[in-house]
Amino acid sequence: MADVKSVGVIGGGQMGSGIAQLAAVAGISVWLVDLDSEALKRATKSITNSVQRFVSKGQISQEVATNALKNLRCTSNLEDLQSADVIIEAIVESEDVKKKLFSELDRIAKPSAILASNTSSISITRIASATSRPCQVIGMHFMNPPPIMKLVEIVRGADTSNETFMTVKTMAERFGKIIVCSQDYPGFIVNRILMPMINEAFFTLYTGVATKEDIDTGMKLGTNQPMGPLELADFIGLDVCLSIMKVLHVGLGDSKYRPCPLLVQYVDAGRLGRKRASKEFVVT
Ligand code: NAD
């Protein structure tokens, strides 16, 4: 099992920035990579604010926070990941785009490096097939927001080695996380169960059963969840929810996973949830 000293995180959006923060706070040197320099600026600001909130709540010391910010560097150049021990990908939820990136990472990363994906639903075995090192490819699925949520779902592809699994498990525990292990099937554990519920909430709205407020209040108070399913979809990103439903639909081959037309229409209209509309909820 390798001792992880340096991590690369690709994608500085809501997930990648949170994962980079976890590694930096754990004392690991981090490169955060995004093609979009504005995303990197937003990520740096959000990480700085977030570590300060942890200090104000007494959850980490000022020294740990200061060192975490020193551990973090941002770049748009993938070549900067040459010496990373583990690279965690958190870009768009598209199999083609992820495979293209993994094939490039396979060329750039040192031979011993582990390549992890934060995919919500896509097959790790298929992502790994784009590389020459499938035994060093693994799913490391953080929950949103990564600095707060306790769980990491670890997904082993068909060829993932025990050594890769143990290194990633130990790193997740160093981040303060509890892990669960899933086989490599569409949606793994959490999204296999969560996304059909969110999709059904869209169908409930679409077919006029109830208002969005009543759907969310019904599920919050009726099933003791902190957020209603439509509010949660806004938080996750409607584009991410739709991508996951498509993976479940195609991968499991059952019409019960068909995405709700209303969800499709919102995404077509660019109404993606909180990440694109700041304070305003987009499901109406
Ligand atoms: P996001 O849209 O907030 O961020 C994605 C970032 O990746 C963007 O900043 C974009 O500029 C960057 N990017 C895209 N292609 C790139 C490339 N080739 N190289 C470098 N940067 C690139 O998305 P997100 O919500 O953070 O989701 C990222 C991944 O995490 C997806 O696979 C998603 O399924 C998964 N995930 C999301 C959630 C969630 O709640 N949103 C939870 C768990 C896992």
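How many residues does helix α6 have, and how far does α6 reach from its first C-alpha to its last? Select residues 162-174 in this predicted model. Helix α6 has 13 residues and reaches 18 Å between those two atoms, close to the 18 Å expected at 1.5 Å a residue.

Next, show the side chains of Thr 164, Thr 167, Val 168, Met 171 and Ala 172, the buried residues of α6. They sit on the same side of the helix, because they cover an arc of only 130° around the axis. Now turn to the other side of α6, where Asn 162 and Met 166 are exposed.

Then select Gly 176, which follows α6 and has a positive phi, near 85°.

Keep β6 in view and move to the ligand. A shell of 27 residues surrounds the ligand, and the closest are Gly 11, Gly 13, Met 15, Ser 120 and Asn 144. Both β6 and α1 (14-25) supply at least two residues each to this shell. Helix α1 gives the most, with three residues. Colour the shell by class to find 12 nonpolar, 11 polar and four charged residues.

Finally, select residues 7-184. An unreviewed UniProt entry annotates this stretch as the domain "3-hydroxyacyl-CoA dehydrogenase NAD binding". Over residues 7-184 the chain is 42% helix and 21% strand.

Conventions. Residues numbered from 1 in each chain as written. Predicted model: local features only at pLDDT ≥ 70, side-chain atom pairs only at ≥ 80, totals over all residues. UniProt positions renumbered as here; feature names shortened; annotations may be inferred. Helix = DSSP H or I, 4+ residues; strand = E, 2+ residues; numbered from the N terminus. Expected span 1.5 Å × (residues − 1). Buried ≥ 20, exposed ≤ 12 C-beta atoms within 10 Å, placed from the backbone. Arc of directions from axis to C-beta. Near = placed C-beta within 6 Å. Nonpolar A, V, L, I, M, F, W, Y, C, P; charged D, E, K, R; others polar.
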